[in-house]
Amino acid sequence: MALLSKKDANLIKDPLTDNNPITIQVLGICSALAITAELKASVVMAISVLFVMGVGNVVISLIRNIIPSKIRIIVQLVVVATLVIVVDQVLKAFAYDLSKTLSVFIGLIITNCIIMGRFEAFALGNGPRRAFLDGIGNALGYGVILVIVGFFRELLGSGTLFGIKVLGDPIAKTGLYSIGYENNGFMIIPPAALIVVGIIIWVQRSRNRALIEEA
Amino acid sequence: MKEKLHAFRVKNQDKKWFPVFSGFHTFLFTPKETTHNGTHIKGADDLKRTMNTVVMSLVPCLIFGMFNTGYQHYLALGEIEAVSNGFFSAGFWTMDNFLLGLWKVLPLVIVSYGVGLAIEFLFCVIKKHEIEEGYLVTGMLVPLIVPVDLPLWMLAVAVAFGVVIGKEVFGGTGMNILNPALTIRAFLFFAYPTWMSGDKVWVHGAVDTAGTADAISGETVLGSLAQGAEHSYSLLDMFYGFIPGSVGETSALLILLGGLFLVFTKIASWRIMVSAVLGSLAMGLIFNGIVSAGWLPEYSKFYTLMSFPYWQHLLVGGLAFGIVFMATDPVTGSQTNKGKWYYGFFIGFLSVMIRVFNPGYPEGVFLAILLMNVFAPTIDHYVVRGNIKKRLKRLKTATIYPRTSDEVDSLKTETA
């Protein structure tokens, strides 16, 4: 990574591993539970958040010195709301079905704790270049978990990936279904996402015991 | 040989597989270790004894379940007549019935114990714990609360899920929040609903013959009622257990005997059982009252279930089984005596409510017990707090007479 200094590279690397917004900080859980039943929706959500966080962090960082601190939350909300509306309109124009699936959850990116958290904690105190890297890093960390959860939930719950029947056809009884396999209906309902996220947290903490908090 | 085994045990204490050996060793023999100092409570019962007592009380239900599996199958096929002369009717206790039941139920038991104990052993080896006996009861409960035709691989997946997520993540036996057997059942219910409800799963062979000319079906009493239909079973059939249902839950008579056995051996709490029965009767009475007051029109989809006589709720479905063997789980239930009354009452109350109001869940017992498992610590917390408050109040009004004058000061500091 000659392109980035080590310090800058860590801005992207940390949220992906030891400072993941979902598994370590436990932020942004609602959307992780709600839209991960399908891998496609997870990926689109991840990309949307990537855009909103990357651009939003830069904008906030650029105007950080002229925001009166008393109304900074409102300013942050205006910025993120604008960006989310852009994402929403683009989705409606080019991927209407998908925007139906994601429905209100694109709009709810506005209230995603990760975004407000990074604005407050990072963009307000750092230059645009570092803020951009931080935004990208956290959005990637969020996206990675979303995609992992979406992968397992769609594979086990519907037997498909991106809508493609990878395990065979459940009605015509081909592939795995011919030997009696059945889709796991539990994985479709939101509580399953909570358990999958829980298992990811468990695996991560047993691999890196330094992450375990004092009881 | 006992001496040799013991020497072997001491010698290999820090080997990796020590917990597995130790588990079998203490299961078969009394451990030789004794505590050396201090005062200890001497009890004849340890965890293994407790668990074995519960398993023993479950055996009649298991045996009956085997006979009933065969009986329901042949009855649905029209090969035998319905029995009508009491619990010991010769037509029920036949070798044919038993062998078919054995053939279907034994694999469930083996898979349940096999998978569950394997995971338990694995975690004990990883965590270097002694093997805990908690799974002995769970492994016996699981086959009794599932439909007989459940595919074995589904059971294996559910057991793995239940033991890992329901128990091991919280720290193993004694630390779990939810009853593991019910976690397993809940997982099965939500993951594979077509195998856990409907009119095709309760009688062996119904799934295979569905859609053919020989199709048989066996709707449970609750299932028929939820669809607004009448059921054709007599009260005695329901009491003796000659009805379709999960393997071991049908015989209210044997469950009652098992429950009495557990109460007299002081393994299970009679408070929970009594209050749960009261709770279900209360809810049933409320529903019956609404119907007889004429507040509910007859075309309502709740009409048949709400007009079902209140006390018969205890005879059908898993309510009796849940109250006796699941609600009384000492780990997940309330610990305080007063808390047990609330805990049990709400289990009965909610079970009947879920049964009536949610036709999608004709069996509400497992949901009610899981919900109250979650609330049990809260109930205990308020019971303990209430007790502290009561005693503080008593202390305020109490007059303390010190024996000698120099004790006054120390007492004052204590009560301040």
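On helix H9 of chain A, the face turned away from the buried side carries the exposed residues A:Pro191 and A:Ser206. Keep in mind that this is a predicted model. Let us look at this helix, then step back.

H9(A) covers residues 190-207, which is 18 residues. From its first C-alpha to its last it reaches 26 Å. That is close to the 26 Å expected at 1.5 Å a residue. Which residues of H9(A) are buried? They are A:Ala192, A:Ala193, A:Val196 and A:Val197. Seen down the helix axis, the buried residues fall within an arc of 140°, so they line one face of H9(A). The spacing has a general background. An α-helix has 3.6 residues a turn, so residues three or four places apart point the same way. What do the buried residues of H9(A) pack against? Their partners are helix H2 (29-34) and helix H8 (128-158) of chain A.

Now take chain A as a whole. It has 9 helices and 2 strands. Read from the N terminus, its elements run α-α-α-α-α-α-α-α-β-β-α. Its C-alpha atoms fill a box of roughly 65 × 45 × 35 Å along the principal axes. Of the 215 residues in chain A, 33% are buried. Among contacts in chain A with a separation of 6 or more, 75% join residues 24 or more positions apart.

Next comes the meeting of the chains. The contact takes 8 residues from chain A and 8 residues from chain B. On the side of chain A that touches chain B, there are 4 nonpolar, 3 polar and 1 charged residues.

Turn to the core. In soluble globular proteins, nonpolar side chains tend to be buried together. The largest nonpolar core here has 145 residues. The members that touch the most others are A:Val52, B:Leu188, B:Ile323, B:Ile347 and B:Ile369. Helix H3 (residues 47-77) of chain B gives this core its largest share, 12 residues. Look closely at B:Ile323. Leaving out residues up to four places away in sequence, B:Ile323 touches B:Met273, B:Ala276, B:Val277, B:Ile347 and B:Gly348.

Finish with a loop in chain B. B:Lys266 is found between helix H12 (252-264) and helix H13 (270-292). Is B:Lys266 buried or exposed? It has 11 C-beta neighbours inside 10 Å, so B:Lys266 counts as exposed. Its backbone deserves a look as well. Most residues other than glycine have a negative phi. The phi of B:Lys266 is near 60°, a positive value in a residue other than glycine.

How values were computed: Residues are numbered from 1 along each chain as its sequence is written. Chains are lettered from A and ligands numbered from 1 in the order in which they are written. This is a predicted model: local features need pLDDT of at least 70, side-chain atom pairs count only at pLDDT 80 or more; totals for chains, interfaces and linings use all residues. Two residues are in contact if their C-beta atoms, placed from the backbone, lie within 7 Å. Ala, Val, Leu, Ile, Met, Phe, Trp, Tyr, Cys and Pro count as nonpolar, Asp, Glu, Lys and Arg as charged, and the others, Gly among them, as polar. Helices (H or I, at least four residues) and strands (E, at least two) are DSSP runs, numbered from the N terminus. The expected span of a helix is 1.5 Å times one less than its number of residues. A residue is buried if 20 or more other C-beta atoms lie within 10 Å of its own, exposed if 12 or fewer, and partly exposed in between; C-beta atoms are placed from the backbone. The arc is that of the directions from the helix axis to the C-beta atoms. A nonpolar core is a set of buried Ala, Val, Leu, Ile, Met, Phe, Trp, Tyr and Cys residues joined through C-beta atoms within 7 Å.
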